[in-house]
Amino acid sequence: MPRPFRFGVNLLTSASAAEWRAKCRRAEELGYDVLLVPDHLGMVAPFPALVAAAGATERPRLGTFVLNAGFWNPALLAREVATTDALTGGRLELGLGTGYVRAEHETAGLPFGSPRERVDLLRRTVGELERALRSAEHRPRPAQPRVPLLIGANGDRMLRLTAEHADIAAFTGARARDAAGTLTPLTADELDERVARYRELAADRPAPAELNLLIQLVAVTDDPGPVLRPLLERHPQLDLDRALALPIMLVGTLEQLVARVRAQRERFGFSYLTVLEPSMEAFAPVMRRLREESA
């Protein structure tokens, strides 16, 4: 049997306390299973934002999507994770990644490093964090016996780390083209290869991980051309048909989008989908239809 769907929304926009609570309540009303926040300078600080989200909602789980390991000392991160999990009643899901925007590190006065160095740092962070949170002596204590770990990955070394440690394997469906954080979307065949490589590395796991895909754009429309025009201008190698076939783009009629989500779960195994905040409302009818069909 396929794993049941879960749906998350990554909340990107800063807001006042009242606006933040209202936004989180709206996401819960729409049916999202997970409220997520990123870890970029110029956006909300992840842990206080999640604690505030917990106070405004009852059902959704709460996650980082994803923390930049280069911003965090592992011992201090363990304290943040344990405290946040306790204050949210055990609703935390911890997402970790290497970071990919050099300018953010420079602004923070932190080393950026080579891709290899960033992966090595993430591996050390994961190891130290797991040891700290497993220790009965660690204070504070998280509410959950194990805070679920999500790792965002694409390259082989990151996929290996994900296979070894993560409860949730997150695929961006894109690769960083440069240190400025410019992303190039992966075709379905390229993403197939990455998922197959992950499955190869994860073959010895005692239990399979949940597979996540970040959807960059959702639009319910019978005229996709105007919606995708900005993407085509940024990526001249794409035409409309190729853009519509990208796994990270959900653009089309409601029936087409529901069919696409089901097909991607069957082809790749993606049962946990994350959308960005600007697509929160647009994706709601897709979620609703998928749940009605599964009922």
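A polar contact is a pair of N or O atoms within 3.5 Å, where within protein one atom must be able to donate a hydrogen and the other to accept it, and where residues adjacent in sequence count only if both atoms are side-chain atoms. The model described here is predicted, so that local features need pLDDT of at least 70 and side-chain atom pairs count only at pLDDT 80 or more, while totals for chains, interfaces and linings use all residues. Residues are numbered from 1 along each chain as its sequence is written, and side-chain values use heavy atoms, with hydrogens and water left out.

**Asn212**

Asn212 lies in strand β10, strands (E, at least two residues) and helices (H or I, at least four) being DSSP runs numbered from the N terminus. Asn212 counts as buried (under 20% relative accessible area, with over 50% exposed and partly exposed in between; 1.4 Å probe, protein chains only), because its relative accessibility is 0%. Its side chain makes a polar contact of 3.0 Å with the side chain of Thr274, and the side chain of Asn212 also reaches the backbone oxygen of Tyr272 at 3.3 Å. Apart from neighbours within four places in sequence, the residues in contact with Asn212 include Phe65, Ile168, Phe171 and Phe270, contact meaning heavy atoms within 4.5 Å.

**Pockets**

On a 1 Å grid over the protein atoms alone, a pocket is an open set of points where a 1.4 Å probe fits, with protein on both sides within 12 Å along at least five of seven lines, and lining residues have an atom within 4 Å of a point. Grid points are joined across faces, edges and corners, and a volume is the space filled by probe spheres set on the points. In the table, Ala, Val, Leu, Ile, Met, Phe, Trp, Tyr, Cys and Pro count as nonpolar, Asp, Glu, Lys and Arg as charged, and the others, Gly among them, as polar.

| Pocket | Volume | Lining by class |
|---|---|---|
| Largest pocket | About 1100 Å³ | 21 nonpolar, 14 polar and 9 charged residues |
| Second largest pocket | About 350 Å³ | 9 nonpolar, 5 polar and 2 charged residues |

The largest share of the lining of the largest pocket, 4 residues, comes from α5. For the second largest pocket, lined by 16 residues, those nearest its centre are Gln216, Leu231, Arg234, His235 and Met249, and α8 gives the most to this lining, with 4 residues.

**Helix α11**

In helix α11, the residues Met280, Phe283, Ala284, Val286, Met287 and Leu290 are buried, and the buried residues of α11 pack against elements including β1 (6-10), α1 (17-30) and α10 (254-268).
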